[in-house]
Every structure is written in C-alpha cells, then in structure tokens.
Amino acid sequence: MRWSDDGVVIPQVHTKLHKVVILDGSGSMRGAKYNNAELGVKQDYEACKKEFADYLLVEFSNYNTSVLYNFTTPLKFKPSYGGTALYDTIVQVFTTLLNTPGDEKILVQIFTDGEDLHSMLQSKGQAKKLIEQFNAKGWTVTFVGTKEDVEDIQMNLSVDATNTLVHDNTAKGVKMSFETYTIATSTFTKNVAEGKETTRGFFKDINNG
C-alpha cells in the first residue's frame, strides 16, 4: 500500500513485468563506449531483479545473437562488432514478444550509437508496424541514441518523443544515458504498480521530450 501526498491510498496493481534490452554491439561501439554500456546493463540487470519476471538481452549487429536470462544465470556479453542492423533485430525480437499475454507489461530499452546500414530493405516498415502493435497493447518501447537517430526513430518508427533520450556519442554520454535510464525505470515500475498509463512519458520529466 502506498499513500499520495494528500493522504489518499494508492492501490497497487500486481502486474508481471518483462524487461528487454536491445544493445548495439556493432563495431562503432568498440572500446570505452561499449565498456560503459556493459556496466550500465549490469547495473540495470541487478536493479530489475526485484521488479521484473525475466530479462532478455539482445546484442545486435548483422551477426546478431540473443540470449534470455532468467536471473538465475550469470549475465554475459558477446559483442560481435559487425554492422548495425537494428530494424532486423526489432523484427526478430518483437515478433516473438507479441506472444506475451496482454495483461502483462513489457518494457523495451533500445540503445544504439549510429545509423542502421545493414538491415533488409523491408525491415524498417515491418519494425514500425510491430512497434505500433506494442503501443496498442499498452507496452512501452524506449530508444536511446544520437540526435540524428532519435529524430529518425520518432518520425519513422512510431516511438513517442517522450520515450526517447539523446546521448552525445561519447563514452561519458553513454554512461550518463544508462544512469538516466535507471532513474526512469524506477519511476516506470511505480507507475505500473499504481495502474497508470505507461505507453508514453518514460523520459518525460528528464529529457528533450
């Protein structure tokens, strides 16, 4: 049970939560940027243990592999450092996730540092349709990337502006973006528990949205 500032009881909603992290493992992430991203995912993974039912980490490039973690096995990282193939990855992962029961919640965190140059031509349109299906189910798709990537995602993939965050494409910027994400995730889980709408507004009080 929680109480609002004016003393009103806030009912708690017990909803199963699923966390999906889609992390750029392409060659442009190699070095300090990737090291900071890995640290950020590890911290997020530990923080989510108390709130989320499962944790799916996908490191994407055109050599992409995805591994499901259930909080009982060590978290591992396998960057392939190939080319960026985000749209292909979204199609692959989101198609599977649509089998999740509608009364459960999914939070997707997409992180990249550059333009998709390696997906199949039709994948971008398919990715948009899948994200729109996620939005319709009340699930949450977020995106963290460079200014150019964020603008493209908002315009072409139906990701709401309040669910996007810009980083400056430096190792420090990557670190700061994951720290910001941790704060926003904590607010997200509280909003789910209180039965609030969470499809939009993930970064509303934090960023450029």
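Select leucine 56. At 15% relative accessibility, this residue counts as buried. The classes are set with a 1.4 Å probe on protein chains only: buried is under 20% relative accessible area, exposed is over 50%, and partly exposed lies in between. Leucine 56 sits in strand E4. The C-alpha atoms of leucine 56 and valine 108 are 9.4 Å apart, although 52 residues separate the two in sequence.

A word on the model before moving on. It is predicted, so local features need pLDDT of at least 70 and side-chain atom pairs count only at pLDDT 80 or more, while totals for chains, interfaces and linings use all residues. Residues are numbered from 1 along each chain as its sequence is written, and side-chain values use heavy atoms, with hydrogens and water left out.

**Whole chain**

Switch to a cartoon view. The protein has five helices and eight strands. These are DSSP runs numbered from the N terminus: helices are H or I runs of at least four residues, strands are E runs of at least two. Of the 209 residues, 49% are buried. A contact means heavy atoms within 4.5 Å. Among contacts with a separation of 6 or more, 73% join residues 24 or more positions apart.

**The cores**

A nonpolar core is a set of buried Ala, Val, Leu, Ile, Met, Phe, Trp, Tyr and Cys residues joined through side-chain atoms within 4.5 Å. In soluble globular proteins, nonpolar side chains tend to be buried together.

Select Leu23, Val41 and Leu57. These have the most contacts inside the largest nonpolar core, which holds 28 residues. Strand E3 (17-24), H1, strand E4 (54-60), E6 and H5 each give this core at least two residues. H5 supplies the largest share, six residues.

Stay on leucine 23 and show its neighbours. Leaving out residues up to four places away in sequence, leucine 23 touches Tyr34, Ala37, Val41, Leu57, Val58, Glu59, Phe60, Phe111 and Phe178. Then pick Val20, Phe60, Val91 and Phe134. They are among the 27 residues of a second, separate core.

**Two packed helices**

Show helix H2 (residues 86-97) together with H3. Their axes lie 8 Å apart, at an angle of about 35°. Axes are lines fitted to C-alpha atoms, for helices over the stretch in contact, and angles run from 0 to 180 degrees between N-to-C directions. A crossing is left-handed when the near helix is turned anticlockwise from the far one by less than a right angle, and right-handed if clockwise. H2 crosses H3 in the left-handed sense. On the H2 side, select Tyr87, Asp88, Ile90, Val91, Phe94, Thr95 and Leu97; on the H3 side, Ser123, Lys124, Gln126, Ala127, Leu130, Ile131 and Phe134. By class, this contact of H2 with H3 has nine nonpolar, three polar and two charged residues. Here Ala, Val, Leu, Ile, Met, Phe, Trp, Tyr, Cys and Pro count as nonpolar, Asp, Glu, Lys and Arg as charged, and the others, Gly among them, as polar.

**Salt bridges**

A salt bridge is a side-chain nitrogen of Lys or Arg within 4 Å of a carboxyl oxygen of Asp or Glu. The structure has nine salt bridges.

Go to aspartate 113 and lysine 33. Their side chains form a salt bridge, 2.6 Å from N to O. Aspartate 113 is in the loop between strand E6 (105-111) and helix H3 (123-136), and lysine 33 is in helix H1 (residues 32-48), so the pair ties together parts 80 residues apart in sequence. Both ends are buried: aspartate 113 at 4% relative accessibility, lysine 33 at 13%.

Next, arginine 200 and aspartate 160. This salt bridge spans 2.9 Å, N to O. Arginine 200 lies in the segment after helix H5 (171-193) and aspartate 160 in the loop between helix H4 (147-156) and strand E8 (164-166), 40 residues apart. Aspartate 160 is partly exposed, at 25%.

Last, glutamate 179 and lysine 175. Their closest N and O atoms are 2.5 Å apart. Both residues belong to helix H5, four residues apart, or about one turn. Glutamate 179 is partly exposed at 37%, and lysine 175 is partly exposed at 38%.

**Positive phi**

Finish with two loop residues. Tyrosine 81, in the loop between strand E5 (65-69) and H2, has phi near 55°, a positive value in a residue other than glycine. Tyrosine 81 is partly exposed, at 22%. Serine 158, in the loop between H4 and E8, has phi near 60°, again positive in a residue other than glycine. Serine 158 is partly exposed too, at 21%.
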